[in-house]
Amino acid sequence: MESSGSPTPDDALALLRDVDTARESLAGRVGSPWWYRLGAALSTASMFVGMGLVVGRPAAGSDAESASTLLVVLGACVAPAVLMYCLHRATGVAVDRYVHGMLPWYLQVFGLLVLGFVLQAFLDVPLALVAAGAVAFVVTYDRERRIDARLRAQVVAGT
């Protein structure tokens, strides 16, 4: 197959514009929809609420323990997997969202968990884990927004 000649500078510029257009299109799809951020934040909060149902409550009862276990398992295992699957299906893009910059979030959420646990289990502050879960919800939602912004910027920059 023969080419019709060597490309001109205008052809090269047109191809570069096409690459930029493709990057911008992908950047619009790489971010998560509102429901994903909400689901991730609810998953995090559900673990706190689940623990809060039984921590510091002697003889909490089998119903509370069952609900607690269900919330922790859903928040830690089931919901994240389902959310990632749905995100991939909704956007058509599969990226590792959590490869960079998660240490501050882990430290914040773990710190909240420890604080809430100590307050509720040892200092008898009622609903301390639920309150810590509400803060973890906000921290997680904000983290997801920041991840979206980072991913979009990386795609537009071509990194």
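User: In this predicted model, where do Arg146 and Asp142 lie, and how many residues apart are they?

Analyst: Arg146 and Asp142 are both in helix 5, four residues apart, which is about one turn of the helix. Their side chains meet in a salt bridge, with 2.7 Å from N to O. A salt bridge here needs a side-chain nitrogen of Lys or Arg within 4 Å of a carboxyl oxygen of Asp or Glu.

User: Why do Arg37 and Asp148 count as buried?

Analyst: Buried means under 20% relative accessible area. Arg37 is buried because its relative accessible area is 14%. Asp148 counts as buried because its relative accessibility is 2%.

User: Which other residue forms a salt bridge with Asp148?

Analyst: Asp148 also forms a salt bridge with Arg97, the closest N and O atoms being 2.9 Å apart. This pair links distant parts of the chain: Asp148 is in helix 5, while Arg97 is in the loop between helix 3 (62-91) and helix 4, 51 residues away. Both Asp148 and Arg97 are buried.

User: What is the fold made of, and in which order do the elements run?

Analyst: The secondary structure comes to five helices and zero strands. From the N terminus on, the order is α-α-α-α-α.

User: How do I read the packing of helix 4 against helix 5?

Analyst: Start with the angle between the N-to-C directions; over 145 degrees counts as roughly antiparallel. Helix 4 and helix 5 pack at about 170°, with their axes 8 Å apart. The two helices are therefore roughly antiparallel to each other.

User: Which residues make the contacts between the two helices?

Analyst: On the helix 4 side they include Trp105, Val109, Leu112 and Phe117, and on the helix 5 side Leu129, Val135, Val139 and Arg143. Val135 and Val109 are 26 residues apart in sequence, yet their C-alpha atoms are 8.7 Å apart in space.

User: Is Val135 buried or partly exposed?

Analyst: Val135, in helix 5 (residues 128-157), counts as partly exposed because its relative accessibility is 40%.

User: What does a nonpolar surface patch look like here, and which residues make it?

Analyst: Residues in a patch need over 30% relative accessible area. Phe110, Val114, Phe117, Val118, Phe122, Leu123 and Val125 make a nonpolar surface patch of about 630 Å². Val114, one of these residues, sits in helix 4 (residues 103-122). At 37% relative accessibility, Val114 counts as partly exposed.

User: What do the totals say about burial, surface and contacts?

Analyst: Of the 159 residues, 28% count as buried. The protein exposes about 9,900 Å², and carbon and sulfur atoms supply 67% of that area. Among contacts between residues at least 6 apart in sequence, 77% join residues at least 24 apart.

Terms used
Residues numbered from 1 in each chain as written. Predicted model: local features only at pLDDT ≥ 70, side-chain atom pairs only at ≥ 80, totals over all residues. Heavy atoms only, no water. Patch = residues over 30% accessible without salt bridge, like charges linked within 9 Å, V, L, I, M, F, W, Y side chains within 5 Å. Areas by Shrake-Rupley, 256 points an atom, 1.4 Å probe, with all protein chains shown as cover. Buried < 20%, exposed > 50% of the residue type's maximum accessible area, 1.4 Å probe, protein only. Axes fitted to C-alpha atoms, helices over the stretch in contact; angles between N-to-C directions. Parallel < 35°, antiparallel > 145°, perpendicular 65-115°, else oblique. Contact = heavy atoms within 4.5 Å.
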